[in-house]
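Please consult the sequence and the three-dimensional view while reading.

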Amino acid sequence: MTQKIFEEAIKAIVDGDTDRATELARRGLDEGIAPLDLMNSGFIPGINQVGDLFGSGKLFIPGLIKSANAMEKATAVINDAIPREQETVSGKIVIGTVEGDMHDIGKTIVVSLMRANGFEVLDLGRDVPTDRFIEAAEKFNADIIGSSTLLTTTMPMQKELEEELKKAGLKDKYKTIVGGAPVTQRWADRIGADAFAQDAGDGVKKVKQLLAEQR
Ligand code: B12
């Protein structure tokens, strides 16, 4: 049954069928599938297939947009269902998608899971200029700055953030974590980010490690 829902979720996303995708998200949750399992085994493989189809020229922009809409709606249903820790843990995180990049589905999942784990999160949205990350971190009194990028052309903005933090003498004040499909540990090391996470669950783990190091 669970496997069938995963397969149907993949198909709904590939077909760009928003009604079906949201219905399957609700049905999966009603049947007791854990929100992150539903995401990781159903909807994310679906949108990854869409990416591959688009990348290989078998799907075009209108199809990509339809699938993205279906994914956004299903993600919203699933994000709302992530169980929340009753206690707030100390740790403040500012997160956004870098300037020039409109992809925010993955970043939004990360935000939901961080909040569900009791962190205070300021979500700056997408297309966020470097100086805004820094201003927001200062105002919010953040411990960690997280940035997301899905485009290889906007990856340099994560490097810019490290450089601007250094210039402003703030590199030791904030830990940084980077993520997004093209981002790797190697990239994080190269630009001097403090951590890399491959998915939302890994992000929570790395944030906990960074906070432990900071104290
Ligand atoms: C959906 C989508 C879109 C949607 C985005 C909608 C939205 N609201 O986000 C729309 C239709 C708007 C779009 C537009 C474009 N897209 Co697009 N898109 C995708 C697609 C298919 C899926 C992305 C996604 O949501 N994945 C699912 C999420 C859950 O995964 P994720 O983002 O990787 O996030 C996870 C982890 O990476 C990690 N993570 C992510 N961020 C962070 C941050 C932190 C701090 C941490 C700890 C962890 C973390 O945790 C997340 C959860 O597990 C990808 C293909 C792909 N497989 O990535 C292409 C893709 C990224 N797009 C691509 C392109 C080319 C474009 C366009 C340029 C197309 C065009 N010609 O207009 C535009 C660019 C617009 C812009 N300026 O940003 C290319 C990029 C190629 C490249 N090398 O740069 C890709 C790879 C498709 C392809 N195969 O060619 N796109």
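A residue is called buried when its relative accessible area is under 20%, exposed when over 50%, and partly exposed in between (1.4 Å probe, protein chains only). Helices (H or I, at least four residues) and strands (E, at least two) are DSSP runs, numbered from the N terminus. This is a predicted model, in which local features need pLDDT of at least 70 and side-chain atom pairs count only at pLDDT 80 or more, whereas totals for chains, interfaces and linings use all residues. Residues are numbered from 1 along each chain as its sequence is written, and side-chain values use heavy atoms, with hydrogens and water left out.

**Helix H6**

In helix H6 (residues 130–140), the buried residues are Thr-130, Phe-133, Ile-134, Ala-136, Ala-137 and Phe-140. Viewed down the axis of H6, these residues fall within an arc of 165°, so they line one face of the helix; the arc is that of the directions from the helix axis to the C-beta atoms. The buried residues of H6 pack against S1, strand S2 (120–123), strand S3 (144–148) and helix H7 (156–167), where contact means heavy atoms within 4.5 Å. Just after H6, Asn-141 adopts a positive phi of about 60°.

**The sheet**

Five strands form an open sheet in the order S2-S1-S3-S4-S5, with parallel pairing. S2 and strand S5 (195–196) stand at the edges, each with a single partner strand, so one side of each is left without a neighbour in the sheet. Two strands pair if DSSP finds at least two bridges between them. S1 and S2 run parallel and are joined by four bridges; S1 and S3 pair in the parallel sense over five bridges. Ile-93 has Val-121 as its bridge partner in S2 and stands opposite Ile-144 in S3. S3 also pairs in the parallel sense with strand S4 (residues 175–179), over five bridges, and Ile-145 stands opposite Thr-176 in S4.

S3 is mostly covered, with five of its five residues buried. Ile-144, Gly-146 and Ser-148 point one way from S3, while Ile-145 and Ser-147 point the other way.

**The ligand and its cobalt atom**

His-103 lies in the loop between strand S1 (92–97) and helix H5 (105–116). Its NE2 atom is the only protein donor of the cobalt atom of the ligand, at 2.3 Å. Donors are N, O and S atoms within 2.8 Å of the metal (3.2 Å for Na, K and Ca); water is not among the atoms, so sites may look incomplete. Of the 35 residues around the ligand, Glu-72, Met-102, His-103, Asp-104 and Ser-148 come nearest, a residue being counted if one of its heavy atoms lies within 4 Å.

| Residue | Protein N or O atom | Ligand atom | Distance |
|---|---|---|---|
| Asn-48 | side chain | nitrogen | 3.2 Å |
| His-103 | side chain | nitrogen | 2.8 Å |
| Thr-152 | backbone | oxygen | 2.9 Å |

**Two further residues**

Lys-206 is located in helix H9 (residues 200–214) and counts as buried, at 17% relative accessibility. Lys-206 touches Ile-177, Ala-195, Phe-196 and Ala-197, not counting residues up to four places away in sequence.

Gln-86, in the loop between helix H4 (61–80) and S1, is exposed, with a relative accessible area of 76%. The C-alpha atoms of Gln-86 and Asp-17 are separated by 35 Å, the two residues being 69 residues apart along the chain.

Technical notes:
Polar contact = N/O pair within 3.5 Å; in protein donor to acceptor, adjacent residues only side chain to side chain.
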